[in-house]
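Student: I have a new structure open. Can you walk me through it?
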Amino acid sequence: MSPDLLLLIAKATFDTLRMVAIAGLIGSLIGLPIGIFLATSGKGELFPAPNINRIVGLIVNATRSTPFIILVVAIIPFTRLVTGTSIGTKAAIVPLTIATIPFFARLVEAAIRDIDKGLIEAARAMGATPTQIVFKVLLAEARPALTLALTMTIVSLIGYSAMVGAVGGGGLGDLGIRYGYQRFRPDVMLIVVVVLIVLVQLVQSAGDRLARRFDKRSRKN
Amino acid sequence: MNASVPVFDDVTVAFQRVSKRFAASGESGAFTALNNVDLNVGRGSITGIIGRSGAGKSTLIRLVNGLEKPSSGKVLVDGVDVGALDEAGLRNLRRSVGMIFQHFNLLSSHTVFGNVALPLEIAGMDRRAIEARVRPLLDLVGLADKHARYPAELSGGQKQRIGIARALATEPKLLLSDEATSALDPETTQSILELLKRINAELGLTVLLITHEMEVVKAVTSDVAVIDKGEIVERGHTFDVFTHPKHETTRALLSGLPGSKLPDAVARGLKPAPSAGDRAVVRLTFFGATAERPLVSQLIKSVGAEVNIIAGTIDEIGGKPYGSLVVAYAADAETSGRAERFFTENGLVTEVLGYVA
């Protein structure tokens, strides 16, 4: 394998990691409060706002049901507004972030809804404010599930990031399409696939391990 | 004050004509959970509210710390109308009322220490003060050596002890117990009840507990109210209610107690009227001083005939000795007459259950 090719792969991997890291960070930071809101704002819940809850849920669903590749193209004007360009790694971060937010939010919502309602009642009986319940009870209890949600989000992001290669987004997907597909370099394609598999495996096992450490619900600890 | 006959001139919780109706929602129609409930919980008492599931007892106990609001009527805690409090006022009240739950409701992510510390963190206490408060509580419930364990590593009884320590953390004057022993085995139930009794005696804490188990009421409460279909059908000192149950719901709940049920073989053969040669089956209830006298040997002597013991139990209710004995003897007029004379002379409460061949 030529040093040039190695360099290309290294750069593409770095680009992918950068896109995933930035989109994952911003997307989950925005997705987390939205997820908490979705899980706590129904009728009779901690922050009851059923109408806003419904509207936010609708927006989340709409974003989730748009195929990612369509989302990338559809929000080009917005992407250009934010980054000044619509191609390249930097531009790809925008749709990746937009796609991450509702994805993570729904996972957060599910993780929080999964917590025994008895804990919320116990906290209320202690005189906790709704905010205290969120931070001291819900987030603490959901930590293993949230860790797994973040893991799943990053894994999906790695997949999405390969897709933005199709629209000049840079990274491993871009490399695979330009070299592996368009220039008939099956060796490059193979390497891209292997690197992606390794990345996903690493993220998944790190996430699983972390979640297990946070999870005190079984006797094994 | 005589420990076994508590007198409460002072009231911690007062329900005044409290009703609670739930509006129809989804598939469930509107229903009345509580109907015109009047009830006082004496300061320093252990008051039990017993009823079948769906009788409204969960709703009743949740009115005390404002987890539910009454539809009408008032719930007073130390004279404060709970229904009239705003959210901030309710939070204040809740910090002075502890609560324990059937399923413990502990945070799986927190250690034993962390769980007991939680209400103090919520109250904004600093680390050092929390430490100083939590340690003695863990001693009190016997879990000091488990402070760094997680709930999943502990047994049900230990979990409920954490629940109790947590409920006591803010030094409440009132403890609400929501079926706290219903998920525990009988032995563990007894140890948790002993702990509640001790806390009641040592800390002067008023305990209001709801349960569907007569055993629990019998073991710890000084006062009891029986609730059925949202209404209090009977109330009083536990001993009086147990020894002279008036309402059929109370009787039905009591019939589940060991010693109060006839052996199946006897129950099946029971007839309402005697024929020649039959024996009478009679329940003797004795309590107070009579519970400590050698009545059986005296009975046999005075009746002068064979007396069979069919079922019996000696127990303590609300701290007082109580016995129930089912005996059978010849149902002829002469024997019955002697037996009745003996019962009257000794002040025994009797009930003829029927006749067997």
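Tutor: We will take chain A and its helices, then the domains of chain B.

Tutor: This is a predicted model: local features need pLDDT of at least 70, side-chain atom pairs count only at pLDDT 80 or more, and totals for chains, interfaces and linings use all residues. Residues are numbered from 1 along each chain as its sequence is written, chains are lettered from A and ligands numbered from 1 in written order, and side-chain values use heavy atoms, without hydrogens and water.

Student: How many helices and strands does chain A have?

Tutor: Chain A has 10 helices and 0 strands. Both are DSSP runs numbered from the N terminus: helices are H or I with at least four residues, strands are E with at least two.

Student: And what box does chain A fill?

Tutor: Its C-alpha atoms fill roughly 65 × 45 × 25 Å, taken along the principal axes.

Student: At what angle do helix 9 and helix 10 of chain A cross?

Tutor: Roughly 160 degrees, for helix 9 (residues 172–182) and helix 10 (residues 186–214) of chain A, and their axes come within 7 Å. Axes are lines fitted to C-alpha atoms, for helices over the stretch in contact, with angles from 0 to 180 degrees between N-to-C directions. That makes helix 9 of chain A roughly antiparallel to helix 10 of chain A (the term covers angles over 145 degrees).

Student: Which residues of helix 9 and helix 10 of chain A meet?

Tutor: Helix 9 of chain A brings residues including A:Leu175 and A:Tyr179, and helix 10 of chain A has A:Val192 and A:Leu196 among its partners. Contact means heavy atoms within 4.5 Å. By class, this contact between helix 9 and helix 10 of chain A has 11 nonpolar, 2 polar and no charged residues. Ala, Val, Leu, Ile, Met, Phe, Trp, Tyr, Cys and Pro count as nonpolar, Asp, Glu, Lys and Arg as charged, the others, Gly among them, as polar.

Student: Now chain B. What are its domains?

Tutor: Domain 1 of chain B is 11–96 + 172–254, and domain 2 is 264–356. Such bounds come from an automatic or database domain assignment. The C-alpha centres of the two domains of chain B lie 36 Å apart.

Student: How many residues are in contact there?

Tutor: 7 residues of domain 1 of chain B are in contact with 9 residues of domain 2 of chain B.

Student: What area is buried between the two domains of chain B?

Tutor: About 720 Å², with carbon and sulfur atoms giving 70%. Buried area is the accessible area (1.4 Å probe) that two parts lose on being put together, summed over both. B:Lys218, B:Phe239 and B:Thr243 supply 73% of what domain 1 of chain B buries against domain 2 of chain B.

Note on methods:
Angles under 35 degrees count as roughly parallel, over 145 as roughly antiparallel, 65 to 115 as roughly perpendicular and the rest as oblique.
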